[in-house]
Amino acid sequence: MADEKYLLTTEHVKLFYGEKEALHDISLHFPKTGITALIGPSGSGKSTYLRAINRMHDLTPGVRVEGKFLFHGQDIYADNVDLVDLRKRIGMVFQQPTPFPFSVYENVAFGLKLGKKMPKHELDEEVEKALTQAGVWNEVKDRLGSNALGLSGGQQQRVSVARVLATKPDILLLDEPTSALDPISSRVVEDSLLDLRDHYCLIIVTHNMQQAARISQTTAFLNEGRLVEVGNTRDIFLDPKEKETQDYVSGRFG
Ligand SMILES: Nc1ncnc2c1ncn2[C@@H]1O[C@H](COP(=O)(O)OP(=O)(O)OP(=O)(O)O)[C@@H](O)[C@H]1O
């Protein structure tokens, strides 16, 4: 039964790389809007879990996923799911900015052109809207025809966010989206994400605990493939229930 309160529900998720169980019984729920941060030491399963949400493991031989993933109440892993459509509705932003080696405009219009044919003026509007939402329009509006590889790392990352937003997703998955950027560019990208959190469901993997504390409302702490604790970000950082969480957020391990 669909749970109206949540846009995405994952229950009892297990993921195996061959014989190795990398995720053990993870249940997490995500509301329609807001930022959830996934934190945990290297190898704790954060990226593995994030990638399972839009079926990025489908092409990796030997990977088996168990458990329930319900998006709008529908099973993400059902046989009849259209993966192109799923990935439009659940978009992914990677650690390294991923502009294609063509113009800023074409980078954002790319996903839109895969869908139904749109008149040029509509395409222009959608590109502007997405770049504005990603917080980079003012910086690129006079160079839409220039190669996106000529932008700064932070600008490239916000153009990558705009490319995902252009296809009108409900969920943005962000896998360490600022870890390849300098601190100033990181803060600019963070500010853009903060502007998005009232309108989208954002799930961000981050190693940067200050970042998780600054931008997320909910934090989930994973360790060795287990969900140790999930809760209000403030509580996870200031008053966690589990000693393991306390040890991690206070820097005693990881
Ligand atoms: N393609 C793969 N094949 C086999 N094992 C894998 C594969 N990808 C990840 N793993 C293993 O799964 C576990 C979880 O890895 P994952 O990358 O999800 O962790 P993470 O918390 O995102 O780490 P990091 O913060 O370093 O990116 C690790 O033990 C890792 O070695």
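Two strands count as paired here if DSSP finds at least two bridges between them. Helices (H or I, at least four residues) and strands (E, at least two) are simply DSSP runs, numbered from the N terminus. The model is a predicted one, so local features need pLDDT of at least 70 and side-chain atom pairs count only at pLDDT 80 or more, while totals for chains, interfaces and linings use all residues. Residues are numbered from 1 along each chain as its sequence is written.

With that settled, the six-stranded sheet comes out as an open one, ordered β6-β7-β8-β3-β9-β10, with mixed pairing. Its edges are β6 (90–93) and β10 (226–232); each has a single partner strand, so one side of each is left without a neighbour in the sheet. From one strand to the next the twist averages 20°. Inside this sheet, β3 (residues 34–39) and β9 (residues 218–223) run parallel and are joined by four bridges. Ile39 has Phe221 as its bridge partner in β9.

There is also an open sheet of four strands, and this one is paired antiparallel in the order β2-β1-β4-β5. Here the edge strands are β2 (20–30) and β5 (74–75), each pairing on one side only. Strand β1 (residues 8–17) is linked to β4 (residues 63–71) by eight bridges, the two running antiparallel. Along that pairing, Glu11 sits opposite Lys68 in β4, and Lys14 sits opposite Glu66 in β4. Towards β2, strand β1 makes seven bridges, again antiparallel, and Leu8 faces Phe30 in β2. The hairpin of β1 and β2 has two residues between the strands, and Gly18 takes a positive phi near 65° there.

Next comes the ligand. A residue counts as near it if its C-beta atom, placed from the backbone, lies within 6 Å. The residues around the ligand are Tyr17, Ala22, Gly40, Ser42, Gly43, Ser44, Gly45, Lys46, Ser47, Thr48, Thr60 and His207. Helix α1 (residues 46–53) gives the most to this shell, with three residues. For sorting by class, Ala, Val, Leu, Ile, Met, Phe, Trp, Tyr, Cys and Pro count as nonpolar, Asp, Glu, Lys and Arg as charged, and the others, Gly among them, as polar. On that basis the shell around the ligand holds two nonpolar, nine polar and one charged residues.

That leaves the helix packing. Axes are lines fitted to C-alpha atoms, for helices over the stretch in contact, and angles run from 0 to 180 degrees between N-to-C directions. Angles under 35 degrees count as roughly parallel, over 145 as roughly antiparallel, 65 to 115 as roughly perpendicular and the rest as oblique. Two residues are in contact if their C-beta atoms, placed from the backbone, lie within 7 Å.

Helix α3 (residues 104–114) packs against helix α4 (residues 120–133) at an angle of about 110°, with the axes 9 Å apart. That makes α3 roughly perpendicular to α4. On the α3 side the contact uses Tyr105, Val108, Ala109 and Leu112, and on the α4 side Leu123, Glu126, Val127, Ala130 and Leu131. These residues split into eight nonpolar, no polar and one charged.

Helix α3 also meets α6, where the axes come within 7 Å and cross at roughly 30°. So α3 is roughly parallel to α6. Val104, Asn107, Val108, Phe110, Gly111 and Leu112 of α3 make this contact with Val159, Ala162, Arg163 and Ala166 of α6. By class, the contact of α3 with α6 has seven nonpolar, two polar and one charged residues.

Finally, helix α6 (residues 153–166) and helix α7 (residues 183–196) have axes that come within 9 Å and cross at roughly 20°. This pair, too, is roughly parallel. Gly153, Gly154, Gln157, Arg158 and Val161 of α6 touch Ser185, Val188, Val189 and Ser192 of α7. The residues of the contact of α6 with α7 divide into three nonpolar, five polar and one charged.
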